[in-house]
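Dear colleague,

Please find below the structure that I am handing over to you. My notes on it follow directly after.

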Amino acid sequence: MTAAPALAGKKITLCVAGSIAAYKAVLLARRLLAEGAELDVSLTASARAFIGPATFSGLTGRPVLGEMFAPDQAGEPHVVLGKASDLVLVVPATADALARFAHGRADDFTSALVLCAACPVLAAPAMHPSMWANPATVRNLAMLATDGRIRLIGPVAGAVASGDIGMGRMAEPNTIFDAVLRTLTERQTLRGVRLLVTAGPTTEDIDPVRYVGNRSSGKMGFAVAERAAELGAQVTLIAGPVSLPTPPGVTRVDVQSAESLRNALWHVLGGDLGGTDALVMAAAVADYRPAAASLTKLRRSDAPLTLELVPNPDLLAEIGRARRRTRPVLVGFALGTEDDADAVVTARRKLADKRVDFVVSNHADESIGRDDIRAVLVGPSDEEHVPFGPKRALADRILARVGSELAARRA
Ligand code: CTP
């Protein structure tokens with residue numbers, strides 16, 4: 001007996017907007033159909049300048065949509081499909097399409113459908129890097145991120161149609177297909193869970209232009225936030241200074257120093273720690289800050305400069321001490337430079353000192369700034385070795401363990 005195709009019975013509406021990347025939507029359509037999806041395709045007026053309806057109607061066996069009120073068509077297809085679709089895809093999503101979605105426009109079929117959609121909407125941006133970086137686009141994307149209804153896949157950095165290189169190239173059809181599969185088939189194991197994640201470094205001012213800080217890209221914490229949102233959690237991400245986009249559906253609070261991180265943490269936690277179900281403390285909090293930050297720029301001189309540093313509070317330990325019962329679940333990180341055996345001993349000591357449920361122990365050379373990581377999850381009496389792999393895969397292991405901790409508390 002052969003297994004049913006992964007997307008059997010799933011109703012997907014693929015909206016193609018006007019970009020040279022429109023031809024890649026054909027490859028995506030073929031994969032979706034091969035996996036059994038019931039596919040409707042709509043083309044905007046400008047998409048039709050790049051690719052013809054016959055290509056898609058030939059593949060799907062259905063008429064291509066795109067006009068709000070075509071003469072031979074009864075009812076309101078944008079409303080009907082908005083209700084009936086399991087997923088709406090916008091591939092490619094041009095700067096213009098994203099601007100329309102951000103402003104709730106409804107004067108063409110694709111915008112009206114996205115406005116009506118009662119299902120997840122995924123959009124794969126494609127545009128010249130200058131359009132992607134333009135403040136108007138940045139503003140529109142921030143609005144979409146706040147609304148949290150449309151998840152973006154990509155874009156990626158690379159060559160665009162003009163030959164220029166930069167951010168704006170559409171994600172490859174296989175990447176978009178994987179995101180579709182995850183969205184439609186992944187179990188929402190963290191639905192209803194409120195998760196607080198911290199990520200990135202903190203920077204401690206020496207003067208208005210200089211700081212003390214540590215090397216942290218924020219990638220690990222962002223991966224945890226992104227995966228948790230994909231698994232249905234309600235995620236708040238407190239981020240130190242990093243240059244990473246906000247994962248879809250995640251509420252982000254930006255901070256700079258350990259002190260501002262502390263304020264943001266307690267604001268979300270509330271005095272009784274009831275504001276979240278779990279905290280994943282991936283931030284690399286600076287352990288020290290200058291005793292006094294100068295309000296004006298320190299002038300250079302040939303004499304040596306001595307900087308007095310004072311310790312920052314240990315934020316995680318503070319929360320561990322304030323926890324009266326077992327909620328929220330607390331997850332710490334321990335970044336070291338020792339070998340595995342010593343690192344586990346250190347992690348277990350941190351676990352006890354900071355009163356957390358488990359610690360993610362990792363080695364500086366195998367994590368800082370990288371997209372992949374190797375780590376050991378250290379509990380009070382067990383350890384789980386997670387081999388080298390993408391930070392998203394480690395995020396999955398951390399979140400699975402958070403899920404088990406929460407289930408144990410419910411039992
Ligand atoms: N942490 C914190 N506040 C600090 C320092 C660290 O909340 N001032 C948190 C980190 O977010 C991390 C964990 O504590 O989850 C461990 O951080 P790490 O720097 O590895 O450990 P330290 O306790 O600072 O110990 P050491 O630097 O001696 O290894």
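A polar contact is a pair of N or O atoms within 3.5 Å; within protein, one must be able to donate a hydrogen and the other to accept it, and residues adjacent in sequence count only if both atoms are side-chain atoms. In this predicted model, local features need pLDDT of at least 70 and side-chain atom pairs count only at pLDDT 80 or more, while totals for chains, interfaces and linings use all residues. Residues are numbered from 1 along each chain as its sequence is written, and side-chain values use heavy atoms, with hydrogens and water left out.

The ligand

A nitrogen atom of the ligand lies 3.0 Å from a polar backbone atom of L315. Another entry concerns P313, where a backbone N or O atom is 3.0 Å from a nitrogen atom of the ligand. At M281, a polar backbone atom is 2.8 Å from an oxygen atom of the ligand. On its own the ligand has 560 Å² of accessible area (Shrake-Rupley method, 1.4 Å probe), and the protein covers 75% of it. Around the ligand there are 14 residues (a heavy atom within 4 Å), of which M281, A283, L316, F333 and K354 come nearest.

The two domains

The domain assignment, which is automatic or from a database, gives domain 1 (11-185) and domain 2 (194-293 + 308-410). Their C-alpha centres are 35 Å apart. In contact (heavy atoms within 4.5 Å) are 4 residues of domain 1 and 6 residues of domain 2. Together the domains bury about 450 Å², meaning accessible area (1.4 Å probe) lost on being put together, summed over both. Of the area that domain 1 buries against domain 2, A145, R151 and R182 supply 82%.

Across this interface the rule finds 2 salt bridges, each a side-chain nitrogen of Lys or Arg within 4 Å of a carboxyl oxygen of Asp or Glu. E230 and R182 meet through their side chains in a salt bridge (3.4 Å, N to O).

With kind regards

Conventions
Buried area is the accessible area (1.4 Å probe) that two parts lose on being put together, summed over both.
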